[in-house]
Amino acid sequence: MERIAVFPGSFDPITLGHLDIIERALPLFDKIIVAIGQNAQKNYMFTMQQRRQFLEETFDDFDSVEIDTYEGLTVDYVMAKGAKFILRGLRNPADFEFEKAIAHTNRAMTNKEIETVFLLTSSGKSFISSSIVRDVIRNGGDYTILVPNAVKASEEQK
Ligand code: ADP
């Protein structure tokens, strides 16, 4: 059976931290679906279309990476895709506490059918987050050291 993992997130925008986690997870799974969650309560800097385009450009050459979008519960989406794994990255103790609660909830909600697999961020990438990138962009700083080329090339920041 194919080992499929879903990497869910906001990707507002994708950063070198996300890219690092996905690249390192490639040998673990037959397919990784990078799934952009749409949450009506959240204010995004980049539109869904822009976020998707950044991901599609970044993973153009990766045969086993697929880009998709979803609404609603992550576990419902994961089950619908026939995936058994959720992939998440851990940067620090705060990520761990937050992710632990979600992973336990997701496992309980799916009758233990879905496991969350965590990868530690590479040293040198742990400080990178989408929210820091957005702050740097808002304040006119050089964000290009934090993101893949697809985001750098974009002139369409809000
Ligand atoms: P969410 O809104 O679901 O947290 P994000 O796009 O911010 O979405 O993050 C998606 C996943 O990527 C999360 O598991 C997060 O911990 C991970 N991640 C983000 N930045 C990094 C990084 N620098 N190193 C490792 N993992 C990261």
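E115 and R107 form a salt bridge, with their closest N and O atoms 3.0 Å apart. A salt bridge here is a side-chain nitrogen of Lys or Arg within 4 Å of a carboxyl oxygen of Asp or Glu. E115 is partly exposed, with a relative accessible area of 34%, and R107 is also partly exposed, at 31%. Buried means under 20% relative accessible area, exposed means over 50%, and partly exposed is in between (1.4 Å probe, protein chains only).

This is a predicted model, in which local features need pLDDT of at least 70 and side-chain atom pairs count only at pLDDT 80 or more, while totals for chains, interfaces and linings use all residues. Residues are numbered from 1 along each chain as its sequence is written, and side-chain values use heavy atoms, leaving out hydrogens and water.

**Other salt bridges**

- A search of the whole structure finds 11 salt bridges.
- One of them joins K31 to E66, where the closest N and O atoms are 3.2 Å apart.
- K31 lies in strand β2 and E66 in strand β3, so this pair ties together parts that are 35 residues apart in sequence. Strands (E, at least two residues) and helices (H or I, at least four) are DSSP runs, numbered from the N terminus.
- K31 is partly exposed, with a relative accessible area of 21%, and E66 is partly exposed, with 29%.
- The side chains of E56 and R52 also meet in a salt bridge, at 3.0 Å from N to O.
- E56 and R52 are four residues apart in helix α2, which means that about one helical turn separates them.
- An α-helix has 3.6 residues a turn, so residues three or four places apart point the same way.
- E56 is partly exposed, with a relative accessible area of 37%, and R52 is partly exposed, with 27%.

**Helix α1**

- Helix α1 covers residues 16–25, and seven of its 10 residues are buried, so the helix is largely enclosed by the rest of the structure.
- The buried residues in α1 are G17, H18, L19, D20, I21, I22 and A25.
- T15 caps the N-terminal end of α1, with a side-chain oxygen 3.0 Å from the backbone nitrogen of G17.

**Nonpolar cores**

- The largest nonpolar core has 29 residues, and those with the most contacts inside it are F7, I32, V34, L55, F59 and L87. A nonpolar core is a set of buried Ala, Val, Leu, Ile, Met, Phe, Trp, Tyr and Cys residues joined through side-chain atoms within 4.5 Å.
- The elements giving two or more residues to this core are β1 (4–9), α1, β2 (31–38), α2 (48–58), β3 (65–71), β4 (85–90) and α5 (130–138).
- Helix α1 gives the most to this core, with four residues.
- A second, separate core of 10 residues includes I4, I33, A35 and I86.

**Contacts of F59 and I67**

- Not counting residues up to four places away in sequence, F59 touches I14, L19, I22, V65 and I67. Contact means heavy atoms within 4.5 Å.
- I67 lies in strand β3 and is buried, with a relative accessible area of 11%.

Definitions and conventions: Polar contact = N/O pair within 3.5 Å; in protein donor to acceptor, adjacent residues only side chain to side chain.
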